[in-house]
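Student: Could you walk me through this structure with some questions and answers? I would like to see how each answer is reached.

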Amino acid sequence: MGADVSDRLTADGRRFQKMLEDMADLEVCIGFQHGKATEDDGTDVCDVAAWNELGTEHIPARPFLRKSVDENKDKIDDFLQARKEDLLSGVSVEHVLKEIGIFQKDLVQEKITEGHFKKNAASTVKRKGSSKPLIDTGRMRQSVDYIVRKKEGGS
């Protein structure tokens, strides 16, 4: 003897189920998108950002990406908590991910501009006319972006 059970979702239940499916399928990526911007000499800005973030033989590490998260944990937590409330009130997952992208993009750009990093070498100051690290033409700062995309391996 078997029982015949059928689920009945309300409109809110269907909306909530769709939100969960969208959350499982989408992600926001913040940073530099390879191939989107180049320096005047043709160097990919994504590479310039990586060299500055991690350092090289000739460039000290200036971890502006990591510090934009590490130094703003409370601010990020508060922001994400408010976005959770948005989701529960019916705002789309894609819209919330875009808001997260803009928020984090601003934090990265702020860290590039205002971060306290090892000063430029004298030869760099002479070449660019400034001792401010990470700021030359402004192209790297302007190239910080975000994308909302389907997760790899998602449906």
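Tutor: Let's begin with D106, which counts as partly exposed at 44% relative accessibility, because buried means under 20% relative accessible area, exposed over 50%, and partly exposed in between, with a 1.4 Å probe and protein chains only. Please keep in mind that this is a predicted model, where local features need pLDDT of at least 70, side-chain atom pairs count only at pLDDT 80 or more, and totals for chains, interfaces and linings use all residues. Residues are numbered from 1 along each chain as its sequence is written, and side-chain values use heavy atoms, with hydrogens and water left out.

Student: How far apart in space are D106 and V144, C-alpha to C-alpha?

Tutor: Start with the place of D106, which is in helix α5; helices (H or I, at least four residues) and strands (E, at least two) are DSSP runs, numbered from the N terminus. Along the sequence, D106 and V144 are 38 residues apart. In space, their C-alpha to C-alpha distance is 8.6 Å.

Student: Is S123 buried or exposed?

Tutor: S123 has its place in helix α6. Its relative accessibility is 57%, so S123 counts as exposed.

Student: And how far is S123 from C29 in space?

Tutor: In sequence, S123 and C29 are 94 residues apart. From C-alpha to C-alpha, the distance in space is 35 Å.

Student: Which side chain makes a polar contact with the side chain of S68?

Tutor: S68 is in helix α3 (residues 64-70), and S68 is buried because its relative accessible area is 1%. Beyond its neighbours within four places in sequence, S68 is in contact (heavy atoms within 4.5 Å) with I76, Q104, L107, V108 and K111. A polar contact is a pair of N or O atoms within 3.5 Å; within protein, one must be able to donate a hydrogen and the other to accept it, and residues adjacent in sequence count only if both atoms are side-chain atoms. At 3.1 Å, the partner side chain is that of Q104.

Student: Which side chain is joined to that of R83 by a polar contact?

Tutor: R83 lies in helix α4 (residues 73-88), and R83 counts as buried because its relative accessibility is 14%. Leaving aside neighbours within four places in sequence, R83 is in contact with V96, E99 and I100. The polar contact, of 2.9 Å, joins the side chain of R83 to that of D86.
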